[in-house]
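Here is a friendly briefing to read alongside the sequence and the coordinates. Please have both open as you go.

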Amino acid sequence: MAFIEAHSISRKVETATGELQILSNVDLSINRAETLAIVGASGSGKSTLLSLLAGLDLPSTGYVAIDNVNLSDLDEESRAILRGDKVGFIFQSFLLVQSLTALENVMLPAELAGVRNPEDHAKELLKKVGLAERVTHFPNQLSGGEQQRVAIARAFIGKPEILFADEPTGNLDRATGEKVEDLLFELNREFGTTLVVVTHDERLAERCHRIIRIEQGTVVNQNKEAEV
Amino acid sequence: MRVANWLKISFRLLRHELKRGELTIMAIAIAFSVASVLSLSVFSERLQAGILAQSSEFLAADRVLRSRQEIPIRWIEQAREQGLQSARRTTFNSMVFASNELALADIKAVSEEYPLRGTLEIAEQPFAQGNATESLPVPGEAWVHSGLFQQLPIELGDSIEVGNTSFVVTKVLIKEPDSGFSVFADAPTVLIPYSDLAATGLIQPGSRVSFNYLFAGEPEDIDTYEQWIIPQLDDLTQSWRGIRDGDSPLASALNRAERFMLLASLLGVVLAATAVAVAAQRYCQRNYDAVAIMKTLGGNNGFVRSIFVTHLLLLSLFSIFIGSVLGYFIQLGVGHWVAKQLAYSLPAASWKPWGLAISTGLLSALLFSLYPLLRLLSIPPLRVLRRELDGDNVKRVIHWFACGGGILLLMVLYSRNLTLSLALFAGGAFAAMVLLLIGRLLIRLSRQAGMQAGSSWRLAMAGMQRRAKENSLQMLSFATAIMLLLLVLALRTELLDDWQNQLPENAPNFFVVNVAPEQVSDMQTMFTAENIQATDLYPITPGRLVSINGQLVRDEVSKEDRDNSDVREGFGRELQLTWRSTLPPENNLISGRWFEGEELGVSVESEVAERLALKLGDILEFRVGGAEFEVPVLSIREVDWNTMQPNFYMIFNENTISQNSATYIASFYLPSERKAELYDLFKSFPQASLIDVDDIIQQIRGVIGHVSMAITFVMVLVMFAGGLVLLAQVQASLEEREQEIVILRTLGARSKLLTQAVSYEFIILGALAGFIAAVAMEASIYILQTQVFEMAPTIHWRFWLLGPVVGASVVTLLGWFSCRSLLRQRTGTLIRALA
C-alpha cells in the first residue's frame, strides 16, 4: 500500500467569470522514502496538487489518503494535527515568522506539537545546515539561502515522514540553490523522509526518483518509475 | 505542557516585536489612551475639586440653606451625623446709631464656626489692605465695613448701637468671603457674634430676616445630605444653594469650562481609541502569514487562537502599565505646574480615574481588535501557497458594532451622561458618513484634474484613485482628527477671548451706590479730574410691576397667591428701575426700537420678557412712589450680566418716571495701587456707599486661570491623539505603497519622481481632509456655540485656510517620515523584503 494515495482528485474554484477547473482526475501513489518531482508550466496546477496532497486544501472530488487516513474524513483541526505529526514543508518564499529568530523558527513546529524544550534539537539541526552562528538572527538579517536553510531545519525538526517542497530553490541563485538541494537530499536520506518537490528546475527534478508532469490540470507523463 | 508552549510563543513574539518596533504604534496608541484618560480624569478631578474649594469661598461654605424662618434643629443634627460641619449666619437690615447720627447697615450675626470656607480680612483703617484672620469679633464687639466709617462719625474703639445693644467697633471689615454680587441691596456690613443677636431685640415675628445655615464637608457626604434635605424644603421660603447656582459670572464660567473640558476630553478619548482601532487592524494584517505558517506546521485553531489572544492581551497589559505610569507623571507634572502658576496646591484625586483609564485601555484594545482578530484567526493554512487569501469575510457588522459600541461605551464611561454621549455619537456617525461621501467625490474630481498635470502629479493622482476606497476611509480619519483639533483650538480661543472680554484688565472693580442727585455732577467731575474710568451714573428708583395688559401679577409670593389662577407670573419683589435716553453699552436690542423723543415706554431685558411671557406692545402697569402708571413695551434687550457694570431689567424713557426721587449708581475701575486714595476721593460724598468687587473679580480671574491651563493641557493631549491617528493611518497604508514603489523602481522610476509622487499624494489627501475638516468644524462649532456654550455664533475664516494647510503639512510630514526608509532602500532589498 502506497504511503500517499491520491484517488481521482479534481479541484474546481468559483471565479467571477464562473467555475474554473484547476485539477482533473489525478491518480497518484507515492511510496515511503520515495522522492517525487512535480513539474509543469506556471498555472498548470502543480501547487494545487501539492496543497491537496499535503492536506492544506481538500479536493472537490476524489480523495487523498496519507498513511491510510482519508484526509477528506478529517476536519481542519485533525488535518492540522496530522500535518504536525507527519508532514514538513519548504516554500519558495521561505515563509519564516519574521518576528522570531532562526532558532525560534526551527523550534516552532515542535512547540506547536507540544514538545518540551526542543531547543537543543533545533540548535543541532541549525548546526547541521551550517547556521550554528546565526541562531539569534531574525529572518531579515539572513540571506535568501540562509533563510531557506532555516526553513529546511524547521521542516526536519518534527522528524516528518513526508516533506513537501514548493519551488525550494526558486528564489535562490544557482550556486546557493545547489547547496540547498544537496542539503535537502542529504537530510532526506538521513531521515528516510518521503519527498515531494514542485519545481521548474529540470536539474532538481532529475535528482528525484520519479517525475510527473502536469499540463492544464492533468498528469500527462510519469517517468523514472520508482527505484526505491 | 501545551499551555506553557503557547504562552512561551506569545511572550516571545511580543518581546521581539516590541524590541523591533513592530508594535510601537499599537502600544503607543493604547498607552496614550490610558495615559490621556488617566491624566485628564485625575487632573480634571483635582482641578474641579480645587476650583470648587476655591469657589466655595464665595459662599463661605459648600452649601447654604437660606430660610425665612429658623429651621428644625433636627436638620442640623442630621448634618452633624452625616459628618458635615455647620455654621449659622443671620442677616437683616437695620439702622445703626453713633453720636446721634444713623445709617442703614447690613447686620450679620455669625456663629463661632463661620466661615466654613474662605477667610475674613480685616484692617486697622477703612479701605486699607486687609489681612486674613481666623478670629471673629468677641461678644460686645463688632467689625464694620469701610463704608460705615464714611456714613457715621466713628473710629476704631467707638461704640455703635444696634437695636437694644451697643457694640465696640474693634476692626475694619475689608473682605467677607460671602459678600455676594448684588449691589443694589448693599449697605455696609456690621459683623457681630451670633450669641449677641438675641440681645439686640431686632428679631421679632414678621421681621425681614434671612436665616442662613452653612454646611461643608466631603462631596459624597454633602450629596447624601442634599438628597435627604431637599425634599423637605418649602420652595416658597427656603432655598438650597451651591456655588453653581445663580447667575453669577463665576457659576457661568465654571459650567462652561466644565462642559468644554468634558467635550474636549471625550474627543481626545475617541481619537485615542480610533488610533488603537487603526493600529489593531494593521497589527492583525501583519500577522496573517504567521497564522498561516503556524496552521500549516500543525498548529490547530485553539492553539493559534490562544497564542494571538494572549499576545494581544500581553501587549494591552504592557501598554496599559506604561500608559498608567505615563499618565500618573503627566498629571503630577501638570499639577505641580498649575500649583506653581497659581500659588495654590490642588487636592488629591480619588481612585476612580485609575479604574476609568484601565478600562479604557482594555476596551480600546479588545473591542477595536475584535474584528481584525477574528479575521486573523480565520486565515487558512493554504495562504502559504496562495498569498492572496486573507481570511473569511467575517461579517463587517461585527466590526462596526464592536467599534461603535466601544466608542459609545467609552463616552458614557467618561462623561457619565448618556444623553450627551448618544447625541455626540449620533452626530459623529452622521458626519462620518457625509465626510466619507464627500471624500470619495473629491478623490474622483482630483483624479480628473490630475490627468492634466505632470508625471509626478499624475502618478500621485493615479495612486489615489486606485486606492479610492482605502483613501476615502483614510481621509475620513484624517479629516476627523484635523476637525477635532481645529474644533478644540477654535473653542479654546473663543472661550478664553469671551472671558477676557467680560473681564478685561480694567473691568470696573468698584460700585458706588446711593449717590444723591445733587452730587451726580460733582461725582462725574471727580471721575474726570482723577482720571478714573467710570460708567455713566444711572438713576435708580424702587418700583413694582402691578399688572400686564390689565391682568394682575403676583407680588408677594404666597401659597394663596400661587394657587390663584387669575394672576400672572410676576417678580414677587421690588425692582430697581432706571431711565435713560440712550441704549446702555453691552446691551443689544433684539426686538422693537429704542425710545424716540418723549414717547412713553419701557425696554425689557430678554430673559425677563421670556419668563413673564412679555411681547412688544404689551401694557405694563407699575407702582412707583405711590403712583401707578401704564407704559407699553417698546423693546426687548439682551443684557450681558457677566459684565461688572450696572444692569437693569426695566429701563424707561427719561420723562416716564424721572419725576420720582432717585439715587444714582455707577461702577468704576481703580487700580489696586490707588485704593488708598478711596477715602479721600469719596470723603465729600458722605451719603454714597462704595462696594469693592475687586476680590470677586480676582477670584473669577483665578478660576479662569485654572480653567485656561486645563484647556491648554486638554488641547495638547487632543493634538497628540490626533497626530497618533494620522501616524497610525499612514503606517497602515505603507505595505501597499511598498509594493508600488518596488514595481515603479524596477520599471526605472527615479527616486526623485517617487518621492514627489508620494509627497503629492499625501499633500492632496491632507489638503482635502483639511478642507473637509474646516467645513465640518464650522458646522460643529455653530451647534456647540449656540446649544452648549450659550455664546454668539461666529465664523472662523482663518480656519478654512488653516485646515487645508495644516492637513497638507502634517499628513505630508508624517507620510514622508514613514515612507522615507522605503524610498531610500535599494530595489533588491525591497524585493527581498516583499518576497
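Predicted model: local features only at pLDDT ≥ 70, side-chain atom pairs only at ≥ 80, totals over all residues.

Residues are numbered from 1 along each chain as its sequence is written, while chains are lettered from A and ligands numbered from 1 in the order in which they are written.

**The two chains**

- Chain A has seven helices and ten strands; helices (H or I, at least four residues) and strands (E, at least two) are DSSP runs, numbered from the N terminus.
- Chain B holds 24 helices and 23 strands.
- In chain A, 51% of the 228 residues count as buried, a label for residues with 20 or more other C-beta atoms within 10 Å of their own, where 12 or fewer means exposed, anything in between is partly exposed, and C-beta atoms are placed from the backbone.
- For chain B, buried residues make up 44% of 835.
- Among chain A contacts with a separation of 6 or more, 68% join residues 24 or more positions apart; a contact means that the C-beta atoms, placed from the backbone, lie within 7 Å.
- In chain B, 83% of the contacts between residues at least 6 apart in sequence link residues at least 24 apart.

**Where chain A meets chain B**

- The interface brings 29 residues of chain A into contact with 29 residues of chain B.
- On the chain A side, helix 1 (46-53), helix 2 (76-86), strand 6 (87-91) and helix 3 (102-112) each supply at least two residues.
- Helix 2 of chain A gives the most to this side, with six residues.
- By class, the side of chain A that touches chain B has twelve nonpolar, nine polar and eight charged residues; Ala, Val, Leu, Ile, Met, Phe, Trp, Tyr, Cys and Pro count as nonpolar, Asp, Glu, Lys and Arg as charged, and the others, Gly among them, as polar.

**Nonpolar cores**

- The largest nonpolar core has 194 residues, and I38(A), A29(B), A275(B), V276(B), A479(B) and L486(B) touch the most other members; such a core is a set of buried Ala, Val, Leu, Ile, Met, Phe, Trp, Tyr and Cys residues joined through C-beta atoms within 7 Å.
- Helix 22 (residues 751-788) of chain B provides the largest share of this core, 18 residues.
- A second, separate core of 43 residues includes A87(B), L148(B), V169(B) and V172(B).
- Beyond its neighbours within four places in sequence, L486(B) is in contact with A773(B), A774(B), M777(B), F799(B), L802(B) and G803(B).

**Local details in chain A**

- Helix 1 of chain A is largely enclosed by the rest of the structure, because eight of its eight residues are buried.
- Just after helix 1 of chain A, G55(A) takes a positive phi of about 75°.
- A110(A) is found in helix 3 of chain A, and it counts as buried because it has 23 C-beta neighbours inside 10 Å.
- Not counting residues up to four places away in sequence, A110(A) touches V115(A), P118(A), I157(A) and G158(A).
- The C-alpha atoms of A110(A) and G84(A) are separated by 8.2 Å, with the two residues 26 apart along the chain.

Technical notes. Contact = placed C-beta atoms within 7 Å.
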